[in-house]
Amino acid sequence: MSTEIATFASGCFWGVQHIFFKYYPEGKGIISTTVGYTGGKVDATSPDYKTVCAGSTDHAEAVNIEFDPGVVGYDELVEFFYRTHDPTTLNSQGKDTGTQYRSAIFTHSPEQATVARRVTEEVQEKHFTPSGRTIVTEIVEAGPWWDAEEYHQLYLFKNPDGYQCPNHRLHW
């Protein structure tokens with residue numbers, strides 16, 4: 001089996017990881033996920049939760065998703081990403097604010113970038129243009145990645161009553 005990586009940021013990484021696994025359980029194409037930090041300042045290496053939340057690194061809380069493209073396509077994952085948060089708010093999801101909570105797609109190939117732009121245009125036209133809202137999601141090439149601390153990994157599975165951003169739900 002050949003796998004690919006998709007990297008998404010759409011608010012608190014606990015909720016992003018949780019909703020992807022909820023709707024793509026074993027056998028639906030997602031092999032594994034890891035929460036972590038990416039997309040920040042070049043000199044902000046080896047970030048931790050405290051420094052990312054302080055806003056000094058410009059890193060986003062993100063999720064790396066290893067998936068089987070023979071089972072689920074990248075385009076489907078990008079559309080699902082848009083369904084599960086508000087991509088029209090800059091640097092925030094619900095009450096969570098700051099650059100670490102921005103909406104971003106970090107692409108791992110030119111093909112992923114093309115698909116991400118195409119799906120973004122389709123979602124914009126179908127779901128946001130009619131209501132006069134505009135997607136502000138960044139689509140950028142993936143850079144260095146740092147895994148978040150172990151206690152963040154699968155947090156909402158280990159702590160079912162833990163905080164979950166109310167924006168992490170199906171919007172359509």
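The model is predicted, so local features need pLDDT of at least 70 and side-chain atom pairs count only at pLDDT 80 or more, while totals for chains, interfaces and linings use all residues. Residues are numbered from 1 along each chain as its sequence is written, and side-chain values use heavy atoms, with hydrogens and water left out.

**Helix α3 and its two partners**

Let's start with the helix pairs. Helices (H or I, at least four residues) and strands (E, at least two) are DSSP runs numbered from the N terminus. Axes are lines fitted to C-alpha atoms, for helices over the stretch in contact, and angles run from 0 to 180 degrees between N-to-C directions.

| Helix pair | Axis distance | Crossing angle |
|---|---|---|
| α1 (residues 13-23) and α3 (residues 74-83) | within 11 Å | roughly 125° |
| α3 and α4 | 9 Å | about 45° |

How are α1 and α3 oriented to each other? They are oblique; on this scale, angles under 35 degrees count as roughly parallel, over 145 as roughly antiparallel, 65 to 115 as roughly perpendicular and the rest as oblique. α3 and α4 are oblique to each other as well. α1 passes α3 in a right-handed crossing, and α3 passes α4 in a right-handed crossing too. For handedness, the near helix is turned from the far one by less than a right angle, anticlockwise for left-handed and clockwise for right-handed.

Now for who touches whom, where contact means heavy atoms within 4.5 Å. On the α1 side, Ile19, Phe20 and Tyr23 meet Leu77, Phe80 and Phe81 of α3. That contact is made of six nonpolar residues, with no polar and no charged ones. Here Ala, Val, Leu, Ile, Met, Phe, Trp, Tyr, Cys and Pro are nonpolar, Asp, Glu, Lys and Arg are charged, and the others, Gly among them, are polar.

On the α4 side, α3 contributes Tyr74, Asp75, Val78, Glu79 and Tyr82, which meet Gln112, Val115, Ala116, Arg118, Val119, Thr120 and Val123 of α4. This contact splits into seven nonpolar, two polar and three charged residues.

Which residues of α3 are buried? They are Tyr74, Leu77, Val78, Phe80, Phe81 and Tyr82. (Buried means under 20% relative accessible area, exposed over 50%, partly exposed in between, with a 1.4 Å probe and protein chains only.) Their cover includes the helices α1 and α4 (110-128), along with the strands β1 (4-10), β2 (30-38), β3 (60-67) and β6 (103-107).

Thr120 sits in α4 and, at 12% relative accessibility, counts as buried. A polar atom of its side chain lies 2.6 Å from the backbone oxygen of Ala116. (A polar contact is a pair of N or O atoms within 3.5 Å; within protein, one must be able to donate a hydrogen and the other to accept it, and residues adjacent in sequence count only if both atoms are side-chain atoms.) Not counting residues up to four places away in sequence, Thr120 touches Tyr82, Ile105, Ile135 and Ile139.

Arg83 belongs to α3 and is partly exposed, with a relative accessible area of 23%. Leaving out residues up to four places away in sequence, Arg83 touches Arg169, Leu170, His171 and Trp172.

Asn167 is buried at 15% relative accessibility, and His168 is buried at 5%. The side chain of Asn167 makes a 3.1 Å polar contact with that of Gln93. Setting aside neighbours within four places in sequence, Asn167 is in contact with Thr84, His85, Asp86, Gln93 and Gly94.

What does the side chain of His168 have 2.6 Å from one of its polar atoms? That would be the backbone oxygen of Ser10. Beyond neighbours within four places in sequence, the contacts of His168 include Gly11, Cys12, Ile19, Thr84 and His85.

Asn91 is not a glycine, yet has a positive phi of about 55°. Asn91 is in the loop between α3 and β4 (92-93). Leu154, also not a glycine, has a positive phi of about 55° and sits in the loop between β8 (145-147) and α5. Asn91 is partly exposed at 23%, and Leu154 is partly exposed at 33% relative accessibility.
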